[in-house]
Structures are given as C-alpha cells and as structure tokens.
Amino acid sequence: MEQKEILIDKYKRFCEWQVKPHEVAPLNTDTHECATCHTEFQGNFCPRCGQKAIVGRYSFKQAFLLFLDVWGLGNRGMFRTIRDLLLRPGYMIRDYLSGMQMAYFPPFKMFFLVVALSVFVESGFNIKNLNTIKVGKETAANNIKKGLDDDFKGKELGASMADSIAAIKDSIAEKTDTLNNDAVMKINGVDVSAENVSNILKTIDHLVDKLADWIADNETIFQFLWLMVLSWPLYRFFRHNPQIPDMRFSEFFVSIVYITNMKTIIDIIGGFFMPDNSTISMMAFVLCIVPLKQLTGYSYKRTLWKVIGGMSLLVIMALILAIIVTAFGYLAYIMMDWK
C-alpha cells in the first residue's frame, strides 16, 4: 500500500512538473572579470563579448559540446527541447508560442536536423546495418505495381477489359520481338493497339520508379510539403480551443512541426534498435494525440474525434483533387481524339 502511495505521489509531482513552464536560472550577482575582454560585470554572461561568467577548465564534456555545436546541437536548448517533447510536448509547444523562444530549439531548424538524422539511421546506421530506405522504396514500388496488376486482372476495370489487357501484356512479355505493334484489339468496344498499351504500361512503371526515387532522395522536402497539406484540415478543427481561443494558422503549423519532431525522435530511437519494425512508428503516430491534447486543453476523447474529423476532411480534399485531375485527363484525351 505504501508503494502505491509513493507511485501516486511521484505521478502527481510529474504532472505538476509537466504543466509548470521552464524557469531560467537566477541572475548571478557576483562580480566577474571576463577572461576574453577583461570587462568587469555582474551576471551570467559578459555584456561586451557574450562569454560565460564561469568558464572553468577545458574538459572532454566541453569538447563533446563543441563538436555538437558544429551541427547546431551544442546548446542546452536542444537537449531541453528533446526532453520536453518526449515528456511534456503540448505544454512545451504552448510555452514556445507564448514567447519563451530562447528556452527551446527553433522548430524548423530542429525539423531539418532530426529528419537528416532519421535518414542517417535509415540508411544503415543501426544495430542491424539495414538500409530501410532501400527496402521501403522497393516495397512501395512493388506494392504500387502489384496494385496496378490486380486492377488489370479485373478488380476494377471489368472482366472483358481486364482479359484483353492481360492478353496484350502476356503477348508483349513473351513475344516482344515478333509482336506486331500495329495489332489492334477491342477493349470494351474500343480499338486499342498493343503498342499503345505497351507504352502506357512502360510509362506507368517508369513514373512509379521515379516517384519512389524522388521521395527517397528528397524525404525532407516531401515531409515538409506533407505537413503543409496536413496542417490546414486539422487547423479547421483546432483553431478555437480552450487554451488558445484565437489560434492562428502560423501558430498551429509551428505546433505541427514540433509534434512531427517528437514523432521523428521516437522513430529514430526505434529505428536504431529495431530497424524495419513498423510498431514503433505506429506507436509514435498514436502518441501525437498527447501534444494536441496538452496544447489545446481538450479531453483525449474530443481530441481524437477532432483528429478524425481533420483526417476525414483531408481525404475529401484528396478525392476532390483526384476527380479534378481525372476530369482534366479525360478532357485532354477527348481533345487528342478529336485531332
């Protein structure tokens, strides 16, 4: 019973620490002489050159921090930001939006750094030396091609059309040298040449490979563009919330970037110890509910429903875009047919 009470007390103190904003160390009132410019001052830093009041002797710890500083990591703000993103993400984001920007690492700079580190881990710097980028690219391309093949076999295109295209594909694969490219087959009453079908299939395969290569080579840009697309529908559901009633889209976008940084950090940890394991990534995705709840002040249930609403709106936007693209493609096909 005593052990249970101790755990409850620790949990209460942890919850109090989560809500409490970061406190800056008190100002040093002792008089110091700067070791660089020899200016006498009171405080933690020299007002003339910015050096710390107390430097101390050189150590391996300082050398390590200087090494990290080359990559923009050698300051307390980065470590504090990582800690708070893992333990109090929503409260930390709210503190940053309220003006405590010097206490935390900038969100966009952190985004590019953690994505670069994530790519480094995925490219083989893990305990299994497994290049998950290459594996993922091959899997994605194969899944897309398999889906196209399944469609051609009659799942969505209709039996007669599927059989005709399958026959043409088999003929192209088996008799490439002897195939008469002028041969015409009727597909649902429409004359289609084998050469056109062959070119279409080759173009689809080429585009799938190019898309997979571009996403793998430009993961940072792809993720950033995805965040911009994802933020707007979610913002429509979270812009009026109990903690920040008049939240701007720019503030919400910064919040989403920080939440993505949190997810990427969890993915990096999981990817290092368990590469090519989707469980950690799924867990990190689910945990994104926590910072949204802490940031906005909604309950977990209401936060979840709002996230579902935002994702539903995103799907509707994607369907509308797909319909528009299909309509333009069909219109272009008709105009070419008229010519």
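Is glutamate 23 buried or exposed? Glutamate 23 counts as exposed, because its relative accessibility is 54%. The cut-offs are simple: buried means under 20% relative accessible area, exposed means over 50%, and partly exposed lies in between, using a 1.4 Å probe and protein chains only.

A word on the model comes next. This is a predicted model, in which local features need pLDDT of at least 70 and side-chain atom pairs count only at pLDDT 80 or more, while totals for chains, interfaces and linings use all residues. Residues are numbered from 1 along each chain as its sequence is written, and side-chain values use heavy atoms, with hydrogens and water left out.

Start with charge. Side chains of opposite charge can pair when their charged atoms come close. Such a pair is called a salt bridge when a side-chain nitrogen of Lys or Arg is within 4 Å of a carboxyl oxygen of Asp or Glu. The structure holds 6 of them. Glutamate 23 takes part in one, with lysine 20, at 3.1 Å from N to O. Lysine 20 counts as partly exposed, because its relative accessibility is 46%.

Now go inside. Arginine 88 and aspartate 95 form a salt bridge, with their closest N and O atoms 2.9 Å apart. Both of these residues are buried. Salt bridges with shared partners join Arg83, Asp84, Arg88 and Asp95 into one network.

Aspartate 95 belongs to helix α4. Helices are DSSP runs (H or I, at least four residues), as strands are (E, at least two), numbered from the N terminus. Helix α4 is largely enclosed by the rest of the structure, because 7 of its 9 residues are buried. Among them are Tyr91, Met92 and Ile93. After α4 comes glycine 99, with a positive phi near 125°.

What holds the 40 residues of the largest nonpolar core? A nonpolar core is a set of buried Ala, Val, Leu, Ile, Met, Phe, Trp, Tyr and Cys residues joined through side-chain atoms within 4.5 Å. Within this core, Leu85, Met110, Phe238, Phe252 and Tyr258 touch the most other members. Several helices each supply at least two residues, including α3, α4 and α5. The largest share, 11 residues, comes from α10. A second, separate core has 5 residues, including Cys34 and Phe41.

Leaving out residues up to four places away in sequence, phenylalanine 238 touches Phe252, Leu292 and Thr303, among others. Contact means heavy atoms within 4.5 Å. Threonine 303 lies in helix α13 (residues 300–338). Threonine 303 is buried, with a relative accessible area of 0%.

Finish with the rings. The structure holds 14 aromatic pairs. Rings of Phe, Tyr and Trp (its six-membered ring) pair if their centres lie within 6.5 Å; planes under 30 degrees apart are stacked, over 60 edge-to-face, and the rest tilted. Phenylalanine 111 and phenylalanine 112 are edge-to-face, because their ring centres are 5.4 Å apart and their planes meet at 80°. Phenylalanine 111 is buried at 0% relative accessibility, whereas phenylalanine 112 is partly exposed at 43%. Phenylalanine 224 and phenylalanine 253 are also edge-to-face, with centres 5.8 Å apart and planes at 85°. This pair links distant parts of the chain, from helix α9 to helix α10, 29 residues apart.
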